[in-house]
Amino acid sequence: MIISYKVKFGLMCVSLVISLSLIEFALRFYRLGDDERNLLYEHHELFGWFPQNDINRTFKGAKTIQVNHNSYGFRGSEFNLNTKKKKILILGDSFAYGYDSEEDEIFSQILGNELEDYEIFNLGVSGYSTDQELLLLKEYFHLINPDLVYLLYCHNDWYGNSVNHVYNGYYKPYYILDSKTKLIRLKGIPVPKSMLHLKFEYPLLYKSKIAIWVTNLLHNNKIVEITENPQITFEILKELKSFTEQNQNADFKVGIVGVGGTPGLSRFLNNENFDWITIDKYLDEKFFTSSGHWSRLGNKRAAKEMLDHIQKIK
């Protein structure tokens, strides 16, 4: 029996629809989840991602919290830039941001209540590594003009500083050590958008797993994923210290937070004369939520350790 071209074409179209439906169904097993880097933040060509400004909404991590970003995009109330008090600028990742913490529970709020002669500016951004925090400091230092810069260093920065891709697909800037000048050099900018950002910006389109799959083939697969020597972390820390103390004439302190370890960190900090402490000396579960971030008690302990450190005469 001879089958007409119209019938063949119709069968081909039906087969194509069935095939695409099966692919869509199969790809849905690969869940693309939402997190604070696309729900509360937006893509940024320099930093990789940056908090949305002037938002007030709930967010659920290990617990549901209320999140408020000021007009600059940072967590909490509006910055008082005209204060006559001394200023402390805090850098850090999700520990500094207050992941799993209500605003009044965050260590920086507690610290501000204790240090009446200081104004606290918490520039914590969830997910940032030390390299992004260096960029953030250089971008905002002259807006705030702090007397003290306090860095919360988390051990996962050891890995984060060595790559241009983190958290299952977010792209970020990175530094390399120039072999001639022996200075760090910024690479990877402008930072490309990740699939996770595209999914948030075009939710209807990227409800389709086929659209995600095609975008990965045509866009993401062209982005070269970089892995550098994690020793670059020490060079970034030296640049943070040098920029703050020598170029800007402010004090610089470091607090080590969270679990894990960074090979040779203590020796490096001591040899380079950093003013530093370990905030999370004891890893009792009462100090952390199920996501590994500070609980109410963890924030209180962090505030006390930092208060003692800040008031300590160097």
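Where is the place of S162? S162 is found in the loop between α6 (157-160) and β8. The model described here is predicted. The side chain of S162 has a polar atom 2.7 Å from the backbone oxygen of Y159. With a relative accessible area of 4%, S162 is buried, because buried means under 20%.

**Aromatic rings**

A pair of aromatic rings is described by the distance of the centres and the angle of the planes. The count of aromatic pairs in this model comes to 20. In one of them, the rings of W49 and Y167 have centres 6.4 Å apart and planes at 75°, so the pair is edge-to-face; the angle required for that class is over 60 degrees. This pair links distant parts of the chain, as W49 and Y167 are 118 residues apart. W49 belongs to strand β2 (residues 48-51), whereas Y167 is in the loop between β8 (165-166) and β9 (170-171).

The two partners can also be described by their accessibility. W49 counts as buried, at 0% relative accessibility. Y167 is partly exposed, with a relative accessible area of 34%. Both W49 and Y167 belong to a cluster linked by ring pairs, which also includes F47, F50, Y72, F74, F79, F121, Y128, Y140 and Y170.

**Charges over rings**

| Charged residue | Ring | Distance to ring centre |
|---|---|---|
| R75 | Y97 | 5.3 Å |
| K241 | F274 | 5.6 Å |

In the case of R75, the charged end sits over the ring of Y97. K241, in turn, lies over the face of F274.

**Two helices**

Helix α8 (residues 209-218) contains L217. Together with W213 and V214, L217 makes a nonpolar surface patch of about 270 Å².

T244 is located in helix α9 (residues 232-247). Is T244 buried or exposed? Its relative accessibility is 0%, so T244 counts as buried. T244 and D147 are 97 residues apart in sequence, and their C-alpha atoms are 9.3 Å apart in space.

How values were computed:
Residues are numbered from 1 along each chain as its sequence is written. This is a predicted model: local features need pLDDT of at least 70, side-chain atom pairs count only at pLDDT 80 or more; totals for chains, interfaces and linings use all residues. Side-chain values use heavy atoms; hydrogens and water are left out. Patches are made of residues with over 30% relative accessible area and no salt bridge: like charges are joined within 9 Å, nonpolar side chains (Val, Leu, Ile, Met, Phe, Trp, Tyr) within 5 Å. Accessible areas come from the Shrake-Rupley method with a 1.4 Å probe; for residues, only the protein chains shown count as cover. A salt bridge is a side-chain nitrogen of Lys or Arg within 4 Å of a carboxyl oxygen of Asp or Glu. Helices (H or I, at least four residues) and strands (E, at least two) are DSSP runs, numbered from the N terminus. Rings of Phe, Tyr and Trp (its six-membered ring) pair if their centres lie within 6.5 Å; planes under 30 degrees apart count as stacked, over 60 as edge-to-face and the rest as tilted. Buried means under 20% relative accessible area, exposed over 50%, partly exposed in between (1.4 Å probe, protein chains only). A charge sits over a ring if NZ of Lys or CZ of Arg is within 6 Å of the ring centre and within 35 degrees of the ring normal. A polar contact is a pair of N or O atoms within 3.5 Å; within protein, one must be able to donate a hydrogen and the other to accept it, and residues adjacent in sequence count only if both atoms are side-chain atoms.
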